[in-house]
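Keep the 3D view open as you read.

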Amino acid sequence: MTQIHPELRNDVRMLGECLGTTIKKHLGEAFFQKIERIRHLAKEGRKDGAVEDERLLEELSALSDDEVLPVARSFTQFLNLANIAEEFHRIRQQEVVILDSNDSFSSLLHRLKSEGIDDDTIVNTLTDMNVELVLTAHPTEINRRTLIQKYNAITECLRAKEKGGCCKHRLDELISQIWHTNEIRQYRPTPVDEAKWGFAVIENSLWTAIPDFLRGLDEQMQSVLGKPLPLDACPVRFASWMGGDRDGNPFVTSKVTKEVLMLSRWMAVDLYLRDIDQLRTELSMHECNEELRAKVGETTEPYRQLLGEVKQALKCTRKWIEKSLRKKTVKEDCLILRAEQLLEPLMLCHRSLIDTGMEIIASGGLEDTIRRIACFGTTLVSLDIRQNSDRHAEVFEELAEFYGMGSYTLWTEAGRQAFLIKELQSKRPLIPLNWEPSDNAQEVLNTCKMVAKTAPEALGSYVISMASQPSDVLAVILLLREMGMKSNMRIVPLFETLADLENAHHCIDALLSVDWYKQYTDRHQEVMIGYSDSSKDAGQLAAVWGQYKTQEALTEVCKKHAVHLTLFHGRGGTVGRGGGPSHTAILAQPPGSVNNGLRVTEQGEMIRFKFGTPEIAVRNLELYAGAVLTATLSPSPAPEQEWREQMESLATTGFKEYRALIREDKDFVPYFRKGTPEQELAKLPLGSRPAKRKADGGVESLRAIPWIFAWTQIRLMLPAWLGSDAALKQAVDNGDLERMHEMYENWPFFRAYADMLEMVLSKTDEKISRYYEDRLVPDELKVLGENLRRRLNSVVDMVLALKQINHLLEQSPVLRRSIDVRNPYIDPLHYLQAELLHRDRNQPDNRLEKALMVTMAGISAGMQNTG
């Protein structure tokens, strides 16, 4: 086991002692000693094995139904506290747990210069860079918002302690508050609740992080390149799906989306009001330039005078939003609704301070606010709309029936395209006044009408799930136009299954060959690549290769049509859903596909891990900007042909082996249902979306998140490696290991695949998964489990041989330490969860269900991801 850093060890011990004090006070010394025995046995079990494991299982099996919940809560809260300590340690050490070293931004700029890239090119690339991080409400954030706030307060206590302060009493208070708060929500969050959670991340972290990030970028650019980052430039901005993603979520309605749009504006106005109040306190100077004097007259405090007018306009705007949310009709006088309205007076103050020799004052809080406007505008985030292509087709199906035109869905694709283009060019409306659509169709129309009435700057893209044909895109444009849309909103097809990925470039080629559509795009096409569903559909190995080839083909198609391509990566938090270190993933993209910008989803608990504290948020923003800058100006070369052929062979074998088990083995679904907590996960109130697309569907209808979640809980992590085992073994048996060594050393894409596979395998545990099987799975299915564990061991051996190492994470000691430290505290939760599943399935009890949900939360905290 790798050694834990002394400072981190001290923090973990201190927080653990505070938790112990709380447990003793409320549950007694005898119960605390029972917790300690379980902890000690788990720790020793990791060292010595069988004897301690037997004693640990005896101790856990002897727990009464009333004892299982406090035991589960104890270990769950310890893991949450360990996460806080480790997160603060990363801040302290200025490190982020990444799988390979990453230079500072200054070093990157020096390296690009050394490659012969001139300063102006670098500056222009950074200035024009357009990276958009899309915050999504996929149900992977298991912690309640009220607990997250308390965890943040503990981080502040650790920060104060680092500076010599005494915070023991406050820590005891916070941990006691946490202990007496339910870990699990009583009810599922609404889409509005999810949106508010996203706004809270911006308020508590990103509002501070963005100006710090941009200031740091500016300073490094001036130091290395001798040129600043313009004040109106922001290489990284934010969008959201929270309250806009209605695919499979009946709770996201047009009314909900409208409310979220207004709440987003309210949050932005409220944050700017705090900024303006602070600036009015600071900008007390009397001297100003003639431009500002002409604006405010002969006042002794010109900056405060102008900022006072800004404050009043913001207050009027906030009042207008609040009345609008209460469905009251209000006038729109003196409102600040566009970024330019807010920016203009602040830039006037900035110019005046510069002109009068007060540059140091201009570069302080005033520039921070100006840079926030460049990032957040007046809407805080731009909201994407997402809906399934079937829902749009349903509207046209009903319209065709109304007009006696047959079945729209049975028309040929060419027939649908011809109809849609004709209607888009027609001057008469398509939708009749006397038509009565179904409730589903009416909701689609209501959404389009709401979008049409929304200011364009508040909106991002309209994403079409399960898109496969050009008509899927044209249908949305027509619906928006019919509902009164005047601007050309980006319409983005999302290709999710492997078959749709393989067809994506044909679809985009056909779309861009339509003159009307090409003119609509203004030579900018956005395409979304779905990682989660393609991995679930085809297996991780076949999916990543399919995604790579799709991006290559899309890049060539858009180049042929002289259209700028923006790729939107629908990545999840886990490897099985496209997760992993963002900068590694960006550098692994095909050359030319990262054309100075991209969009990428940030989901669930990953938002908090990557952006929940300002210091770590700044580091991750730098990683994004640096990776996109590198991929744009110094992309990796295209892979050798023999590497492509090797990858094609691996993917073909991986796909075949994955499908053979998931879809063709009759025992697989029963094993999955029995051996994992998949069915119980539906009771966990994680997010507003149902866990399944169809209530009566099988594995194929299960969303990617609970699919991954279930395998993660039992430490088999099957979706991330199934298929890779057989593919890598076949390649090694065929004598291809040396070629794969070459691929690993020289091809970022293959290196990223292998490193991610190694990381996820390091979180597997054969012993834990076998215990779930022993406790829950009938004997006739156990042969499948033995086979899966044999395959798991095989893929571990293959990865060790591929990377030429002796142990997993041998080259990543920080991550190895993190996993080793957590394992003894996760083990009791695994064993307890298996015991609870057994009890609850045989004799259901509300007490057991609650304890079961707490174990799920604790294992998620320990594994540091859910789905």
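Start with the negative patch: helix 26 (641-664) and helix 32 (737-746) each supply at least two of its residues. Helices here are DSSP runs (H or I, at least four residues), numbered from the N terminus. This is a predicted model: local features need pLDDT of at least 70, side-chain atom pairs count only at pLDDT 80 or more, and totals for chains, interfaces and linings use all residues. Residues are numbered from 1 along each chain as its sequence is written, and side-chain values use heavy atoms, with hydrogens and water left out.

The patch gathers Glu640, Glu642, Glu645, Glu738 and Glu742 on the surface. Patch residues have over 30% relative accessible area and no salt bridge; like charges are joined within 9 Å, nonpolar side chains (Val, Leu, Ile, Met, Phe, Trp, Tyr) within 5 Å. A salt bridge puts a side-chain nitrogen of Lys or Arg within 4 Å of a carboxyl oxygen of Asp or Glu. Glu642 lies in helix 26. Glu642 counts as partly exposed because its relative accessibility is 37%. The classes are buried (under 20%), exposed (over 50%) and partly exposed in between, with a 1.4 Å probe and protein chains only.

Phe402, Tyr403 and Met405 make about 260 Å² of it. Met405 sits in the loop between helix 15 (389-402) and helix 16 (413-425). Met405 is partly exposed, at 35%.

Now the cysteines. Cys334 is exposed, at 62%. Cys558 is buried, at 1%. The closest cysteine sulfur to that of Cys558 is in Cys507, 11 Å off, so a bond is out of reach.

Methods. Areas by Shrake-Rupley, 256 points an atom, 1.4 Å probe, with all protein chains shown as cover. Lys, Arg positive; Asp, Glu negative; His and termini not counted. Charge placed at Lys NZ, Arg CZ, Asp CG, Glu CD. Disulfide = S-S within 2.5 Å.
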